[in-house]
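This report goes through a protein chain by its domains and then by the packing of its helices. Keep the structure in view while reading.

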Amino acid sequence: MLTLLTTNQKGYYDQFLTFAQEHVEPYANQWDNSEKIPQDIIDKSAKAGFLGGTLPVEYKGQGWDFVTYGLLNEAIGRFSISLSGLFNVHTMVAHTLLKWGTEEQKSRWLPPLSTGKKIAALALTEPGAGSDLQMMETSYTEQGDYFLLNGKKQWITFGAAADVLLVFGKMEGKPVACLVEKDTPGLTITPIRGMLGFKASHLAILEFNNCVIPKENMVGKPNFALSYLAPYALEFGRISIAFASLGLLRGCLEICGSHVMERKAFNARLIDHGMISHFIADMGVDYEATAHLCIASCKAKDEHSPEATEKIMIAKYFASRAGARHSANAVQIMGAMGCNEDFSVSRFYRDSKTMEIVEGSNQIHQMILGSSFAKKARRTLVSVKTEG
Ligand SMILES: Cc1cc2nc3c(=O)[nH]c(=O)nc-3n(C[C@H](O)[C@H](O)[C@H](O)COP(=O)(O)OP(=O)(O)OC[C@H]3O[C@@H](n4cnc5c(N)ncnc54)[C@H](O)[C@@H]3O)c2cc1C
C-alpha cells in the first residue's frame with residue numbers, strides 16, 4: 001500500500017501507526033470485553049487532532065486530504081474497529097455541517113467538533129426504518145419558533161457518548177435533520193449492550209418525547225435530509241468502513257502469517273500445507289486489491305471526481321466482504337485460539353460481519369452498483385453499435 005501514498009501521506013500514516021501501537025493495540029480486547037471505549041482514548045485521539053482531521057484549519061481542523069483520513073481508519077481499524085466507529089460517525093456529522101450548515105452553525109459547532117470538545121453521532125435508523133429510510137416515523141412539528149421532536153432511533157453508534165446528535169425525521173411528510181443536544185429535556189438515551197461487532201462503540205437507543213428543538217438547529221432545507229444530507233454523510237461512513245476493513249485484513253494477515261510459519265502439524269509447518277497456503281495467498285491478494293480500491297476511491301474524492309461516490313461504494317462493498325471472508329478463514333487458521341476472546345481474530349470475525357450491514361448493507365450496495373454497472377455496460381454497447 002505504501003507505494004500508493006505521497007510522502008506527506010506516508011508521514012501521517014507512520015504517526016497513526018505509532019499511535020495505534022502505543023494507545024490502541026494493548027487495550028483493544030479489553031475495551032471489547034468491557035463493551036466500552038474509555039474517555040481516555042477519546043481524549044488522546046482528540047489531542048492528536050484525529051477528530052477534526054479533514055476539517056479546514058479555519059475551523060480548528062487539520063486540513064488533511066481524504067486518503068489521509070482513510071489511513072487513520074486503517075491504522076486504528078487494525079486494532080479496534082470499535083474506536084474507528086468514533087471517527088466514522090463524528091466525521092459524518094462534521095462534514096454534513098461543513099457542507100450544508102449555516103455560517104452560524106459552522107462557527108458554533110465545527111471548532112468544538114474539530115478539537116473533540118464535543119462528540120457527534122448520526123441518528124437515522126429506527127425500529128421500523130433501516131435500509132428503507134423513507135419509512136422513518138420520527139417527527140418534527142413546527143410550533144412558533146421551535147420544533148417539537150418525537151420518535152425513536154436505535155443502533156446509534158456513539159449515541160451513548162455523544163454531546164450532539166444529527167437526528168433525521170419528517171416534518172409534514174418532508175425529511176429534515178436537526179442538531180439535538182444530549183441534555184435536551186425529553187431525550188432518553190439507553191446504551192445497548194451485547195452487540196456482535198462494534199461492541200465498544202457506545203451504541204444507544206434514543207427516545208424523543210416532546211423535545212423542544214430551536215428552529216436554527218435544522219441543517220439544510222426541508223425535503224433535503226434524505227436526498228442530500230444522508231447520502232453525503234454516508235459517503236464518509238463508507239470511507240471509514242472500507243479503510244477500517246483494510247486494517248482488519250492487515251491484522252488477519254499479520255497474525256495468521258506469523259502463526260503459520262511457526263505452528264506445526266503432521267511434521268510440517270502449517271504454511272507447508274497447501275490448503276493453509278491457499279488461505280494466506282487469498283488473504284494477501286485481497287489485502288492488496290482492497291488497498292488499491294480504497295486509495296483510488298479517496299483520491300477520486302480528493303480530486304472532486306464525479307466517480308468518487310461510486311468508487312467509495314465499490315471500496316466499502318469489496319473491503320467489507322473481504323474482511324468477513326478472511327476473518328472467518330483467520331479463525332480457521334488459528335484453530336481454538338481463534339475462538340477465544342483474548343485473541344484478536346475472534347473479534348475481527350465478529351466486527352467484520354457487522355461491516356457488511358452498516359453504512360448501507362451490502363445488499364443495498366449490490367442493488368445500486370448492479371444497476372449502475374448494467375447501465376454503463378448498455379451505454380458502451382449502444383455506443384459501439386455491435387450487439388443488443
Ligand atoms: C454496529 C452497528 C452500528 C450502527 N450505527 C448506526 C448509526 O450510527 N446510525 C444509524 O442511523 N444507524 C446505525 N446502524 C443501523 C444500520 O444503519 C442498519 O442496521 C442498516 O441500515 C440496516 O438496517 P436494518 O438493520 O433495519 O435492516 P433491514 O433494513 O431490516 O434489512 C434486513 C436485511 O434485508 C436486506 N435488505 C433490505 N432491503 C433489501 C432489498 N431491497 N433487497 C435485498 N435485500 C434487502 C438488508 O441488506 C439486510 O440484510 C448501525 C447498525 C449496526 C449493526
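## Domains of the chain

The protein chain is divided into domain 1 (2-119), domain 2 (121-219) and domain 3 (228-376). The model is a predicted one.

The centres of domain 2 and domain 3, taken over C-alpha atoms, are separated by 30 Å. Where these two domains touch, ten residues of domain 2 are in contact with twelve residues of domain 3.

## Annotated regions

Over residues 8-117 the chain is 71% helix and 0% strand, and the C-alpha atoms at the ends are 27 Å apart.

The record places "domain: Acyl-CoA oxidase/dehydrogenase middle" at residues 121-211. The span 121-211 has 0% helix and 53% strand, with its end C-alpha atoms 18 Å apart. For "domain: Acyl-CoA dehydrogenase/oxidase C-terminal", UniProt lists residues 231-370. The span 231-370 is 78% helix and 3% strand, and its end C-alpha atoms lie 18 Å apart.

## Helix 5 and helix 7

Helix 5 spans residues 81-100 and helix 7 spans residues 225-262. Their axes are 9 Å apart, and the two helices pack at an angle of about 150 degrees. Angles over 145 degrees count as roughly antiparallel, so helix 5 is roughly antiparallel to helix 7. The crossing of helix 5 and helix 7 is right-handed.

On the helix 5 side, the residues that meet helix 7 include Ile-81, Asn-88, Met-92, His-95, Lys-99 and Trp-100. On the helix 7 side, the residues that meet helix 5 include Tyr-228, Tyr-232, Phe-236, Gly-237, Ile-241 and Leu-248. Sorted by class, the contact of helix 5 with helix 7 has twelve nonpolar, seven polar and one charged residues.

## Helix 7 and helix 8

Helix 7 also packs with helix 8, which runs over residues 274-302. The axes of helix 7 and helix 8 come within 9 Å and cross at roughly 155 degrees. That angle makes helix 7 roughly antiparallel to helix 8. Helix 7 passes helix 8 in a left-handed crossing. The contact of helix 7 with helix 8 has 18 nonpolar, three polar and four charged residues.

## Helix 9 and helix 10

How are helix 9 and helix 10 packed, and at what angle? Helix 9 (residues 308-334) and helix 10 (residues 344-355) pack at about 150 degrees, and their axes are 8 Å apart. This makes helix 9 roughly antiparallel to helix 10. The crossing of helix 9 with helix 10 is left-handed.

The residues of the contact of helix 9 with helix 10 divide into nine nonpolar, five polar and one charged.

Notes. Residues are numbered from 1 along each chain as its sequence is written. This is a predicted model: local features need pLDDT of at least 70, side-chain atom pairs count only at pLDDT 80 or more; totals for chains, interfaces and linings use all residues. Side-chain values use heavy atoms; hydrogens and water are left out. Axes are lines fitted to C-alpha atoms, for helices over the stretch in contact, and angles run from 0 to 180 degrees between N-to-C directions. Helices (H or I, at least four residues) and strands (E, at least two) are DSSP runs, numbered from the N terminus. Angles under 35 degrees count as roughly parallel, over 145 as roughly antiparallel, 65 to 115 as roughly perpendicular and the rest as oblique. A crossing is left-handed if the near helix is turned anticlockwise from the far one by less than a right angle, and right-handed if clockwise. Contact means heavy atoms within 4.5 Å. Ala, Val, Leu, Ile, Met, Phe, Trp, Tyr, Cys and Pro count as nonpolar, Asp, Glu, Lys and Arg as charged, and the others, Gly among them, as polar. UniProt positions are given in the numbering used here, feature names are shortened, and annotations may be inferred rather than shown by experiment. Domain bounds come from an automatic or database domain assignment.
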